[in-house]
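I opened the notebook to follow rings, strands and helices through one model. My entries are below.

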Amino acid sequence: MAVKDFAEFGIDIQMDVFDSAIDNKKIDKILNENNFEIYDFVIGPVTNNLFNYFVSMIKDSELKIVNPLSKKQNLDSRIINTIPNDTILFNEIISFVKRDTTKSEKFIISDSKSISISDKIKRIFPNAKQFFSKINESGVDTKTLVYEDLDSTFVKGKNIVFLETKEKGFVSNVSSILNSFTNDTISIELFTTNKNNAFEGVNISNKNLSNLKFKYASTNKKIDMILDKQFIDKFIAKYNYYPNKYSIRAYDIIFDLLLRISNGDLDDNDIFEIEAEYIENKFKYTRSLGGSIDNIAIYLIKHENLKIDELIEK
């Protein structure tokens with residue numbers, strides 16, 4: 001769809017698709033049977049191990065190779081890493097909290113596997129109070145807190161809580177407890193520096209996250225059902241299913257790369273440093289110290305009024 005839509009600008013595009021079969025030997029066969037020097041860039045392979053293998057097998061080529069899905073960034077100068085790394089996400093949400101001049105108390109809640117992140121946040125906000133999940137008598141992390149752990153903790157006014165975990169049960173447990181403390185005089189806003197799958201799923205109350213005005217930095221936002229209706233209808237008509245985040249990311253990446261390369265060289269700073277936004281993703285690249293071209297464009301996301309929207313700072 002991205003290629004066809006871009007071709008409407010009057011630019012001819014040749015696209016070839018190769019099935020790696022998730023097999024190194026198939027990669028070897030594809031490379032032996034095809035001349036990759038004819039391409040402006042290659043997207044993938046999509047799995048991290050195959051991607052790195054492919055890069056190593058064409059080490060003498062200057063071909064641009066696009067890493068579409070992995071956070072594990074390859075620093076080869078030929079690589080375009082399209083997903084911002086976790087450090088950028090961490091720094092952006094911390095910077096947002098620092099920019100908030102409203103008086104607030106700060107707290108950090110984490111499980112035993114996230115203590116290093118908790119301590120990192122503590123070094124940035126020295127006055128923040130730390131809380132950790134309960135360890136039972138056998139030394140096992142229960143991944144829980146109880147109401148009494150936080151009783152009399154929060155002050156009147158604004159309270160900012162960082163929740164650092166990769167455990168769904170802990171997110172469900174903590175968000176429920178925090179929500180029970182909110183009232184007309186106590187406001188609690190929930191943040192995380194690492195939004196992951198633990199914050200999603202049927203056991204996670206969107207109502208609690210909304211009440212806590214949950215905020216985080218993200219590589220993508222949610223598709224706009226009204227603004228992007230034409231794309232959604234077009235996609236469903238072609239594929240007979242609603243576009244998922246991988247389909248949309250594929251569209252956004254390819255359309256963006258075609259737009260950039262049609263205006264110059266992908267190695268040109270004036271080309272890759274331009275920020276461009278599409279359906280769910282945006283891209284702005286910088287050259288890393290290792291030489292790769294890395295996407296640094298991210299969104300701030302908020303849960304509010306039972307909706308998940310981009311957070312626009314005033």
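Entry 1: I started with F125. Is F125 buried or exposed? F125 has 11% relative accessibility, so F125 counts as buried. I used this scale: buried is under 20% relative accessible area, exposed is over 50%, and partly exposed is in between, with a 1.4 Å probe and protein chains only. F162 has a relative accessible area of 0% and is buried too.

I noted the ground rules. This is a predicted model, where local features need pLDDT of at least 70, side-chain atom pairs count only at pLDDT 80 or more, and totals for chains, interfaces and linings use all residues. Residues are numbered from 1 along each chain as its sequence is written, and side-chain values use heavy atoms, with hydrogens and water left out.

Next I looked up the pairing rule. Rings of Phe, Tyr and Trp (its six-membered ring) pair if their centres lie within 6.5 Å; planes under 30 degrees apart are stacked, over 60 edge-to-face, and the rest tilted. I found 25 aromatic pairs by this rule. Why is the pair of F125 and F162 stacked? The ring centres of F125 and F162 are 5.9 Å apart and the planes stand at 25°, so the pair is stacked. This pair links distant parts of the chain, 37 residues apart. F125 is in the loop between α5 (115-124) and β5 (129-132), and F162 is in strand β6 (residues 157-164). Helices (H or I, at least four residues) and strands (E, at least two) are DSSP runs, numbered from the N terminus.

Entry 2: I then checked F235 and Y239. Their pair is tilted, with 4.7 Å centre to centre and 45° between the planes. Both residues lie in helix α9 (residues 229-239), four residues apart, about one turn of the helix. F235 is buried at 5% relative accessibility, whereas Y239 is partly exposed at 33%. I also found both in one aromatic cluster, whose members include F6, F9, F231 and Y285.

**Entry 3: charges over rings.** I looked for NZ of Lys or CZ of Arg within 6 Å of a ring centre and within 35 degrees of the ring normal. K120 lies over the face of F90, 4.1 Å from the ring centre. K282 lies over the face of Y299, at 4.5 Å.

**Entry 4: an open sheet.** I traced five strands in the order β1-β2-β3-β12-β11, with mixed pairing. Two strands pair if DSSP finds at least two bridges between them. Which strands stand at the edges? They are β1 (41-43) and β11 (285-287); each has a single partner strand, so one side of each is left without a neighbour in the sheet. β11 pairs with strand β12 (residues 293-295) in the antiparallel sense, over three bridges. R287 has I293 in β12 as its bridge partner.

**Entry 5: two helices.** The axes of helix α2 (residues 24-33) and α3 come within 10 Å and cross at roughly 35°. Axes are lines fitted to C-alpha atoms, for helices over the stretch in contact, and angles run from 0 to 180 degrees between N-to-C directions. I listed the contact residues (heavy atoms within 4.5 Å). Among them are I27 and L31 of α2, and L50 and F54 of α3.

**Entry 6: a hairpin.** Last, I checked β13 and β14, which form a hairpin with two residues between them. N305 in the turn has a positive phi of about 55°. I301 stands opposite E310 in β14.
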